[in-house]
Amino acid sequence: QVQLVESGGGLVQPGGSLRLSCAASGFAFSSYAMNWHRQAPGKEREWVARISDTGGTATYTDSVKGRFTISRDNSKNTVYLQMNSLKPEDTAVYYCYAPRWDSWGQGTQVTVSP
């Protein structure tokens, strides 16, 4: 059974940083790409970043390029999202997603506010 558990969300001031983690289990984590998505209040869920199985390739939506970094530690079955220079418009619930299994985590709330 695929399980994804996010952590690391919270309240941060504009310009601040947070690191999200997603612990995966139930599948061969190191063999598959992983994504981060987010859903802001009143908006549809959107893709944020993707990392390849080895971690060698990462892609980002335009609004977070240069500010967010996706990474993974295959020895820990964990994918991360380092978020720097946070803006109020980054406020959302952030979800980890395993595309191969169409499986979502429960989400972690990120709030950027003075």
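A pocket is an open set of grid points with protein on both sides within 12 Å along at least five of seven lines, and its lining residues have an atom within 4 Å of a point. The close-ups below come from a predicted model.

**View 1. Lining of the largest pocket.** Arg38, Gln39, Ala40, Pro41, Lys43, Glu44, Glu46, Glu89, Thr91 and Ala92 line the largest pocket. The space in this pocket is about 150 Å³. Five of the lining residues are charged, three are nonpolar and two are polar.

**View 2. The largest nonpolar core.** This core holds 28 residues. Those that touch the most other members are Met34, Trp36, Val79, Leu81, Met83 and Tyr94. At least two core residues come from each of strands E3 (18-25), E4 (34-39), E5 (46-51), E7 (68-73), E8 (78-83), E9 (92-98) and E11 (108-112). In soluble globular proteins, nonpolar side chains tend to be buried together.

**View 3. Tyrosine 94 and its contacts.** Tyr94 is among the core residues that touch the most other members. Neighbours within four places in sequence are left aside here. Beyond them, tyrosine 94 is in contact with Glu6, Leu20, Trp36, His37, Arg38 and Phe68, among others. Its contacts also include Leu81, Met83, Gly107, Thr108 and Val110.

**View 4. Threonine 108 in strand E11.** Threonine 108 sits in strand E11. Its relative accessible area is 10%, under the 20% limit, so threonine 108 is buried. Its side chain reaches the backbone nitrogen of glycine 9 at 3.1 Å. Leaving aside neighbours within four places in sequence, threonine 108 is in contact with Glu6, Ser7, Gly8, Gly9, Leu20, Ala92, Val93 and Tyr94.

**View 5. Valine 12 in strand E2.** Strand E2 spans residues 10-12 and includes valine 12. Valine 12 has a relative accessible area of 12% and is buried. Leucine 86 lies 74 residues away along the chain, yet the two C-alpha atoms are separated by 8.0 Å. Valine 12 is in contact with Leu86, and also with Ser17, Leu18, Thr111, Val112 and Ser113, with neighbours within four places in sequence left aside.

**View 6. Serine 85 in the loop between E8 and E9.** Serine 85 belongs to the loop between E8 and E9. Its relative accessibility is 40%, between the 20% and 50% limits, so serine 85 counts as partly exposed. Phi of serine 85 is near 50 degrees, a positive value in a residue other than glycine. Most residues other than glycine have a negative phi. Leaving aside neighbours within four places in sequence, serine 85 is in contact with Gly15, Gly16, Ser17, Arg67 and Asp90. Phenylalanine 27 is 58 residues from serine 85 in sequence, and their C-alpha atoms are 33 Å apart.

**View 7. Aspartate 102 in the loop between E9 and E10.** Aspartate 102 is found in the loop between E9 and strand E10 (103-104). Its relative accessibility is 53%, over the 50% limit, so aspartate 102 counts as exposed. Aspartate 102 is not a glycine, but its phi is positive, at about 50 degrees.

Terms used:
Residues numbered from 1 in each chain as written. Predicted model: local features only at pLDDT ≥ 70, side-chain atom pairs only at ≥ 80, totals over all residues. Heavy atoms only, no water. 1 Å grid on protein atoms, 1.4 Å probe; cavity = no way out; pocket = protein on both sides within 12 Å on 5 of 7 lines; lining within 4 Å. Points joined across faces, edges and corners; volume = space filled by probe spheres on them. Nonpolar A, V, L, I, M, F, W, Y, C, P; charged D, E, K, R; others polar. Core = buried A, V, L, I, M, F, W, Y, C linked by side-chain atoms within 4.5 Å. Buried < 20%, exposed > 50% of the residue type's maximum accessible area, 1.4 Å probe, protein only. Helix = DSSP H or I, 4+ residues; strand = E, 2+ residues; numbered from the N terminus. Contact = heavy atoms within 4.5 Å. Polar contact = N/O pair within 3.5 Å; in protein donor to acceptor, adjacent residues only side chain to side chain.
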